[in-house]
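Me: I'd like to learn how to read strand pairing in a model. Could you walk me through an example?

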Amino acid sequence: MKKIFIFLTAIAFLAGCSSTPKRSNIPTPVASIQAVSEGEYLLVSPFADAHLTLGFDNEGRIFGFSGINRFFGKADINNGSITIEPLGYTKMGGSKDRMIIEDQYLTILKSAKTIEFKNDSLILTNERGETLIFNRK
């Protein structure tokens, strides 16, 4: 009986010491704007080489660089959903290619409906399934 007790205790101890795999590949909805308001994020997909950014502050403001211009406005984040109010922009001009990328980026951004973290990336998705994937800058 004593050997069985020691054996079961050893099994329980070893099972308690085993590491549980991280579940970072499972999306985690962003609860509030405070969860993302520390610094800016760099867009890594799509348009990875365009150096596009996105940032939030604790007051509900959204801002960033869209390839040629800077943008700013308000955003509301609540349990994984995001609503972006109409954005303001600077009015710089640039090459046609850069203007197209900027327009596509802002179109997806303004239509985003969900916001979540997955594998240390911030992901915004719209109703058409288009995604913007950011890493912390």
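**Reading a strand and its partners**

Reply: Happy to! Two bridges join β5 to strand β7 (residues 88-89), and the two run antiparallel; Phe-71 stands opposite Tyr-89 in β7. Strands here are DSSP runs (E, at least two residues; helices are H or I, at least four), numbered from the N terminus, and two strands pair if DSSP finds at least two bridges between them. This is a predicted model, where local features need pLDDT of at least 70, side-chain atom pairs count only at pLDDT 80 or more, and totals for chains, interfaces and linings use all residues. Residues are numbered from 1 along each chain as its sequence is written, and side-chain values use heavy atoms, leaving out hydrogens and water.

Me: Which residues of β5 point to one face and are buried?

Reply: In a regular strand the side chains alternate between the two faces of the sheet. Along β5 (residues 70-78), Phe-71, Gly-73, Ala-75 and Ile-77 share one face and are buried, meaning under 20% relative accessible area with a 1.4 Å probe, protein chains only.

Me: How many bridges join β5 to strand β6?

Reply: Four, in an antiparallel arrangement with β6 (residues 81-84). Ile-77 has Ile-82 as its bridge partner there. Two residues separate the strands of this hairpin, and Asn-79 in the turn has a positive phi of about 50 degrees.

Me: What stands opposite Gly-73?

Reply: Ile-62 does. Strand β4 (residues 61-65) runs antiparallel to β5, joined by five bridges. Their hairpin has four residues between the strands, and Gly-67 takes a positive phi near 115 degrees.

Methods: Buried means under 20% relative accessible area, exposed over 50%, partly exposed in between (1.4 Å probe, protein chains only).
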